[in-house]
Amino acid sequence: MPRQDTQGPTRPGAPPTAVCVGESMAVLLPDRPGPLESVESFRLSVGGAESNVAGALAAHGVPTAWISRVGDDGFGRRLLAEVAARGVDVSAVAVDPHRPTGLYLKEVGGTTGDRHDLGPGRSRLHYHRRGSAAAALSPGLLADPAAAALLAGARLLHLSGITAALSDDCLALLRALLADRRPGRLVSFDLNWRPSLWLDRDPAVLPPLLDAADLLLLGADEAEAAFGTGDPAELRRRFPAPATVVVKDAARQVTALEQDGTAVTEPALAVEVVEATGAGDAFAAGYLAGTVRGLDQRRRLRLGHLSAACALTAPGDQAELPDAAVVAALLDASPAQWAATRVTPEGITGPSLPAGVARPADRTPCADRSSSADRARAQ
């Protein structure tokens, strides 16, 4: 299977610390809200949980690779270029000459009055991914020299439940990766529940996968839909094997529960939301970056919250953190200072921000990474 020839700007000779495996797709974004039949044009972008996490990990300074398959088409080339522009190693992505790159369209609700309008604040994703190149991922990946080398050197392997729903071969790959335990490698698994993917597949395959991970990430609403409960303590009992179970309760709080019964809950930051897409992936990347760095549990949760907040205030699904001094101040903030912090598209305000770093009025921006990707593509 041919390889692409683009690699992100990782440090020469530095093998990736983290590897993310799973499908990403081309995305068509409408030029206006309302039902699809009223849309005049679409803007091309890219999206996918695992590549989003990979890009956000790279933004956190964690050398990261993304492993997948794309079609030998324009969408696949665009996808590879954008992920590589985020600083991600894409050297083990296979280009499939026979199967296409997956695609989805986003429909955004508005106030058109049309009976098919979803309504303000609502959106729907329309997937065209059946038979995609990524659906052909299989345990054969483990024998591929490029992928095997990345997996062998990784300290962190990140997977998600989306992959399990794509095909029997993809499910077999997840089972093989979870069975291939290696000293010094942490395996994280994000449920990423997508109901439409499970309409003709059996979600009963999911619990054994989740319970085989070292670190389990669950949205409370997703877990409620998939397993009938979003309660952190009940989910901890239901999945006893992972060392840590992290339960995200949307914009309210996140709780990390250890095997010994220890639980740490951290409230979310106050955020002026622009676009929710990618926030869950950004949280996962922030939390995983904190884990790789050996931060304590509360700081891992805070780094996840901060990463998600920046994604929520950016028009795209990738955002950049403020500078290191501001991040450090927020991770060390008192509970009262943390609660008083606010994140908006214009920047971050709060009493813990260091003097002389954020201007004006203790304000520091979360920059949208889409501009840097666009610049890299144009070069």
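In this predicted model, Phe 283 and Tyr 287 lie about one helical turn from each other, because they are 4 residues apart in helix 9. Phe 283 has a relative accessible area of 3% and is buried; Tyr 287 is buried as well, at 0% relative accessibility. The structure holds 4 aromatic pairs, including the two in the table.

| Pair | Geometry | Centre to centre | Angle between planes |
|---|---|---|---|
| Phe 227 and Phe 239 | edge-to-face | 5.4 Å | 65° |
| Phe 283 and Tyr 287 | stacked | 6.3 Å | 15° |

Phe 227 belongs to helix 7 (residues 220–227), whereas Phe 239 sits 12 residues away in the loop between helix 8 (232–238) and strand 12 (244–249). Both Phe 227 and Phe 239 are buried.

Beyond its neighbours within four places in sequence, Val 246 is in contact with Phe 283 and Tyr 287, and also with residues including Leu 215, Val 254 and Leu 301. Val 246 is among the residues that touch the most other members of the largest nonpolar core, which has 49 residues; Leu 57 and Trp 66 are also in that group. Elements giving two or more residues to this core include strand 1 (18–21), helix 1 (49–59), helix 9 (279–292) and helix 10 (297–312). Another core, of 46 residues, lies apart from it and includes Val 19, Ala 134, Leu 157 and Leu 197.

The chain as a whole contains 13 helices and 17 strands. Of its 379 residues, 53% count as buried. The accessible surface comes to about 15,600 Å², with 52% belonging to carbon and sulfur atoms.

Technical notes
Residues are numbered from 1 along each chain as its sequence is written. This is a predicted model: local features need pLDDT of at least 70, side-chain atom pairs count only at pLDDT 80 or more; totals for chains, interfaces and linings use all residues. Side-chain values use heavy atoms; hydrogens and water are left out. Buried means under 20% relative accessible area, exposed over 50%, partly exposed in between (1.4 Å probe, protein chains only). Accessible areas come from the Shrake-Rupley method with a 1.4 Å probe; for residues, only the protein chains shown count as cover. A nonpolar core is a set of buried Ala, Val, Leu, Ile, Met, Phe, Trp, Tyr and Cys residues joined through side-chain atoms within 4.5 Å. Contact means heavy atoms within 4.5 Å. Rings of Phe, Tyr and Trp (its six-membered ring) pair if their centres lie within 6.5 Å; planes under 30 degrees apart count as stacked, over 60 as edge-to-face and the rest as tilted.
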